Amino acid sequence: METEREDMTGQRRYPHLFSPIDMGPLRLRHRATMSAHGMGYSEGRSGVSERLHDYVLARARGGAALVGTESAPVHESSTNSILRINLFSDEVVPSLAKLADAVHGVGGKISLVLWHGGHVVSFAEGAKQAAVAPTPIPNLNREVPRELNNREIKELVKAYGMAARRCRSAGLDAVEVQTATSYLLGSFLSPAMNHRTDEYGGSRQNRIRLVQEILSEVREAAGGEMAVGVRTSSSHHIPGAPVDYDLDESVAAMKALADDGLVDWVSVLSGSRWAPAETIPPMSWKRMQLSEEGRRFKQELSVPVIIAGRIRTPEEAEELIRDGCADVVAMARTWIAEPEWANKAEAGRRSSIRPCMSCNQACAALVYAGHPGTCVLNPTAGRERELPPPTPATKSRSIAVVGAGPAGLEAARVAAEAKHRVTLYEATSQLGGEMRIAAEAPYRQEMQPALDWWESELKRLGVEIKLETFVSEDSLPQADTVFWAVGASPGHTQVWRLRPWLREGIPGSNGLPHGREILTGERSVSGRILVIDEEGGWPAISLVETLAAQRDIKKISVTTTEEKWGAAALAMTRELPDVSMRIAALGVEIRHATTVAEIDGKMVVTTAGEKIGPFDDIILSLGQIAGSIPDGVTAIGDCLAPRGIWAATADAARSARQIL
């Protein structure tokens with residue numbers, strides 16, 4: 001078990017990570033930066049909203065050497081409803097200057113990404129005019145952009161320069177020109193996406209011409225006062241493309257820019273709209289995703305290299321820098337989960353760093369659904385003003401928390417941070433509730449460090465933990481406040497989504513095992529298995545992947561009411577393609593858009609009248625149902641209404657602060 005200081009200071013433990021570096025006129029006191037990540041905090045205004053201001057400032061206070069706000073549109077042809085630091089207007093300067101002053105006031109540096117979305121800009125996402133691109137290649141919404149003419153290209157070059165001047169007048173330390181993924185400049189760089197035959201298309205030299213012109217304009221606007229970097233993809237990963245913006249293309253393009261003296265650094269990520277998981281990789285992907293690609297850039301470029309991609313721990317960051325894979329590491333989701341990441345790492349408090357799970361459920365999925373992003377483990381992200389750190393209570397109270405799933409763990413932690421006397425009751429032998437069940441499933445192990453973090457924090461804060469202690473509604477603990485966080489039970493709630501008249505669920509389903517009972521080992525199955533899934537998402541997918549590893553399972557079939565199994569839950573988290581390939585490789589039979597009308601022994605009958613079977617065992621994945629809530633308690637999490645981890649921790653964070 002690590003001590004609070006781990007016996008050594010972070011400076012000695014991570015000598016490469018916590019060493020300074022110069023990037024042109026920008027000097028960083030260490031090499032851990034917060035990468036820009038659009039979180040949907042505009043609050044409907046143009047410029048830096050109070051919400052975005054608080055969010056960025058919290059990460060600067062937390063020790064990030066350089067904080068990035070979000071990508072900022074440089075031209076009216078690149079507007080949308082999420083990114084609203086519209087650098088084509090002087091209107092943004094005062095709020096941007098206010099943020100820069102605040103970041104400088106806590107010892108940080110601040111940069112902004114100069115962005116044009118190109119063909120990605122969509123009417124469905126709030127665009128006010130037709131999208132533009134080097135070539136009229138449709139985006140994935142099938143919207144066709146307009147091909148830029150040379151006059152408009154010259155106008156865009158000037159727009160980038162004006163955007164940089166506004167950043168300079170606001171007092172920013174750096175700007176970064178976005179050429180990553182399939183946005184406008186990435187499209188110009190790509191031999192697959194750039195079909196032009198003029199001086200901006202064809203050869204590599206022609207394809208990089210626009211980026212060179214823009215960087216020259218931005219450099220002049222920066223006037224030696226701001227550092228200028230460029231962000232690129234190591235590869236676009238367009239499926240099946242015989243030519244692509246791949247590693248060789250990317251390294252060659254960035255080397256040309258560096259050799260021309262146009263950039264102070266190159267920042268590397270991966271992917272495009274054809275390969276979104278490359279850009280925001282899910283938890284099943286390897287850590288330090290771009291280590292080898294970073295090493296290649298480092299070997300061939302004369303300027304510092306920044307890499308991103310599933311960098312989570314101080315040890316990983318130190319390794320990347322020490323081993324020549326990067327000069328600086330950039331992290332987005334890591335900082336969303338833990339705004340104090342650098343301070344804790346430098347102080348030798350690694351065990352207190354709240355770990356990112358790469359689940360993408362609240363940081364990415366909520367944003368893509370048009371809502372402000374946050375974090376399932378850190379519900380205060382983006383709500384820093386609404387949910388400030390707990391302040392010590394003037395009078396300590398006794399707090400009982402019943403149930404040790406995510407809601408109970410977070411409520412206990414917040415109450416203990418406020419110096420209350422907290423006792424946590426859990427009926428089973430382990431903390432974690434359903435989250436622990438999920439962490440034990442294939443490809444979900446990255447949830448375990450979060451549980452370890454909660455447990456470590458509760459011990460540090462002196463929470464009394466009583467395992468294997470069942471608390472009934474009739475025997476509540478004697479305490480000033482009781483949080484009821486007992487979770488939900490397997491049920492047939494999701495059947496009512498399509499058939500609300502089936503009060504008792506699918507006819508013939510009574511007594512059949514539920515997926516959660518299989519995952520916990522309460523019940524077992526064998527032979528030919530059918531999973532009836534109307535819940536969608538990870539409960540059924542983890543069940544199937546767990547069953548597939550068991551020797552006594554001969555064949556797995558699934559009926560799902562979805563057109564594409566898992567799409568409702570996993571498309572926005574960018575996990576669907578990987579999951580679909582894994583399930584296909586297991587030989588699982590999926591019957592899409594299939595609703596079971598009744599179960600007749602070992603057979604099932606669909607609403608289309610088709611009979612399926614026979615099966616040795618049939619498993620239900622039909623959702624959960626909340627139980628009764630005793631009087632006098634504060635209910636949080638799934639026992640209030642089954643909604644998932646993000647809602648459970650948000651309930652706990654909000655309720656604990658309001659009550660305590």
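The questions and answers below go through a predicted model of one protein chain.

Student: How many helices and strands does the chain have?
Tutor: The model is predicted. Both kinds of element occur in the chain, and the count is 23 helices and 26 strands.

Student: What radius of gyration does the chain have, and what would a compact globule have?
Tutor: The C-alpha trace spans about 70 × 65 × 45 Å along its principal axes. With 660 residues, a compact globule would have a radius of gyration near 26 Å. The chain agrees with this, at 26 Å.

Student: What percentage of the residues count as buried?
Tutor: A residue is buried if its relative accessible area is under 20%. The chain exposes about 25700 Å², of which carbon and sulfur atoms supply 49%. Of the 660 residues, the buried part is 59%.

Student: Among contacts between residues at least 6 apart in sequence, what percentage join residues at least 24 apart?
Tutor: Contact here means heavy atoms within 4.5 Å. Among the contacts between residues at least 6 apart in sequence, the part that joins residues at least 24 apart is 71%.

Student: In what order do the strands of the five-stranded parallel sheet stand, and which stand at the edges?
Tutor: The sheet is open, with its strands in the order 15-14-13-16-26. Strand 15 (464-466) and strand 26 (634-635) each have a single partner strand, so one side of each is left without a neighbour in the sheet. The edges are therefore strand 15 and strand 26.

Student: Which residue is the bridge partner of isoleucine 399 in strand 16?
Tutor: Strands of a sheet pair through backbone hydrogen bonds, either parallel or antiparallel. Strand 13 and strand 16 pair in the parallel sense, over four bridges. The partner of isoleucine 399 in strand 16 is threonine 481.

Student: How far apart are the end C-alpha atoms of helix 15?
Tutor: Helix 15 has 12 residues, 406-417. At 1.5 Å a residue, the helix should span 16 Å. The distance between its end C-alpha atoms agrees with that: 16 Å.

Student: How many of the residues of helix 15 are buried, and what covers them?
Tutor: Helix 15 is mostly covered, with 11 of its 12 residues buried. Among the buried residues are Pro406, Leu409, Glu410, Arg413 and Val414. Their cover includes strand 13 (398-402), strand 14 (421-425), helix 16 (434-439), helix 17 (448-460), strand 16 (481-484) and helix 23 (645-659).

Student: Which residue with a positive phi follows helix 15?
Tutor: The phi of this residue is near 70 degrees. The residue is lysine 419.

Student: Is histidine 75 buried or exposed?
Tutor: Histidine 75 is found in the loop between strand 4 (66-73) and helix 3 (93-105). Its relative accessibility is 16%, and the cut-off for burial is under 20%. Histidine 75 therefore counts as buried.

Student: Which glutamate has a side chain in polar contact with histidine 75?
Tutor: Leaving aside neighbours within four places in sequence, histidine 75 is in contact with Phe88, His116, Glu155, Leu156 and Ala159. The polar contact between the two side chains is 2.8 Å. The glutamate is glutamate 155.

Student: What is the relative accessible area of arginine 310?
Tutor: Arginine 310 lies in the loop between strand 11 (305-307) and helix 11 (314-322). Although it is not a glycine, arginine 310 has a positive phi of about 55 degrees. Arginine 310 is buried, and its relative accessible area is 2%.

Definitions and conventions
Residues are numbered from 1 along each chain as its sequence is written. This is a predicted model: local features need pLDDT of at least 70, side-chain atom pairs count only at pLDDT 80 or more; totals for chains, interfaces and linings use all residues. Side-chain values use heavy atoms; hydrogens and water are left out. Helices (H or I, at least four residues) and strands (E, at least two) are DSSP runs, numbered from the N terminus. The expected span of a helix is 1.5 Å times one less than its number of residues. Buried means under 20% relative accessible area, exposed over 50%, partly exposed in between (1.4 Å probe, protein chains only). A polar contact is a pair of N or O atoms within 3.5 Å; within protein, one must be able to donate a hydrogen and the other to accept it, and residues adjacent in sequence count only if both atoms are side-chain atoms. The radius of gyration is taken over C-alpha atoms; the globule rule is 2.2 Å times the number of residues to the power 0.38. Accessible areas come from the Shrake-Rupley method with a 1.4 Å probe; for residues, only the protein chains shown count as cover. Two strands pair if DSSP finds at least two bridges between them.
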